[in-house]
Amino acid sequence: MPSNKSVSDAPIVQFTNCRILRSHQLQREDLWVRDGKILNPEKLFFDEKGSADIQLDCKDSIITPGFIDVQINGGFGVDFSLATDDFKSGIDLVSQKILSHGVTSFCPTLVTSPPSVYHQVLPQISIRNGGVHGAGILGAHLEGPFISKEKKGAHPEHCLRTFEAGAFQDLLATYGSLDCVRIVTLAPEMKRSSEVIQELTKRGICVSLGHSVANLSQAEEAVQHGATFITHLFNAMLPFHHRDPGIVGLLTSDKIPAGRRVFYGMISDGIHTNPAALRIAHRAHPKGLVLVTDAIAGMGLAPGRHTLGQQVVEIDGLNTYIAGTKTLSGSVATMDTCVRHFQEATGCSVETALEAASLHPAQLLGIEHKKGTLNYDSDADFLMLNDSLYVQATYIAGEEVWRQDALGM
């Protein structure tokens, strides 16, 4: 048999005895990986006459694409909205720690902050591939400061801004640079927001609607100008009303441009959204649901006082409030917890729950040809899960980057 070296020097790894999430179904077949990519075994056998160099028994695990978290404010004592001298080591720590929760790539999220914070922090965020060092960074998510005062949630009011005559130039001056920015959350009812949405979309930046008192027609107009996402549906927006459902109405709107899908983030932590509301959203628009953690610095830490940007927050169990109030401020839920809660609350299939944390965020960001699936030639970022959807091992580019047994658990 000809050697595998004819195409690549990289070893071919065959993962056996597993159920792979592919084409929306868990399928009992092997997963083949080489050089950080998913291989097509037929091409390997028939074109290359190749075979596996290494076989790994997965012991009947589920293999799913790695989770992608597009809204995470920090964790493990690190707050992405605080400009510190060791910001890089902080982002490295979070990207390392979230591997155990199945996150293989993420968008570090900054809440409403003074311009000086964006100017200091954004140059320190660089888009990079994941690996043993931690989950990959897809670019920053800037949540604010161009949001509604009425629906500011945990965002500091004194830092909120509006678009003045220069609109897009105002935004550029506030952020300093858009080089590593992937998502911007803004309130679409603000004057001149349409031109800002168009300019951001032109640059390949995803525009999300949130922290807003927009009515449905304002939200539909924003989508027609290029917005494609809703930040934490139901939270920090007008409540659903039958005569004007507001941003929530986008889930069933008939004014969405042909061929466009609106996605919406949901914090499925059992705190931010009642299970019934989660079920309503999912049944109304299942293909748009994107699970996000909205995790803050206190994720992974003991209850007590922590920060979220310019604010002090208190953690009490799974609840996080701005200190001294009952205003919810981010979550301390991990992505794997959100996936399990979503599946349990909605009664959806395992496949559906897993795709809400992998395929859908990849589609939102337009990277589904590389991430979020286990299709041939896509990146070999995947997880091994048990039947209860607990993470047993995390792989990035075909390399094991975290394993439960290794910690003696």
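Which residues does the UniProt annotation "binding site" cover? The unreviewed entry lists A154, N235, A236, R243, H272, L328, S329 and G330. These positions are spread over 177 residues of sequence, and also in space, up to 29.7 Å between C-alpha atoms. UniProt positions follow the numbering used here, feature names are shortened, and annotations may be inferred rather than shown by experiment.

The model is predicted: local features need pLDDT of at least 70, side-chain atom pairs count only at pLDDT 80 or more, and totals for chains, interfaces and linings use all residues. Residues are numbered from 1 along each chain as its sequence is written, and side-chain values use heavy atoms, without hydrogens and water.

Two of the annotated residues lie in loops. H272 sits between β15 (263-266) and α7 (275-284). G330 sits between β19 (319-322) and α8 (335-346). Helices (H or I, at least four residues) and strands (E, at least two) are DSSP runs, numbered from the N terminus. H272 is buried at 12% relative accessible area, and G330 is buried at 8%. Buried means under 20%, exposed over 50%, and partly exposed in between (1.4 Å probe, protein chains only). Contact means heavy atoms within 4.5 Å. Leaving aside residues up to four places away in sequence, H272 touches N235, I267, L328, G330 and S331. On the same terms, G330 touches H272, D294, I296 and T320.

Backbone geometry comes next. Most residues other than glycine have a negative phi, and most peptide bonds are trans. A cis peptide bond joins G144 and P145, with omega about 5 degrees. K49 has a positive phi near 55 degrees and is partly exposed at 43%. D377 has a positive phi of about 75 degrees and is exposed at 56%.
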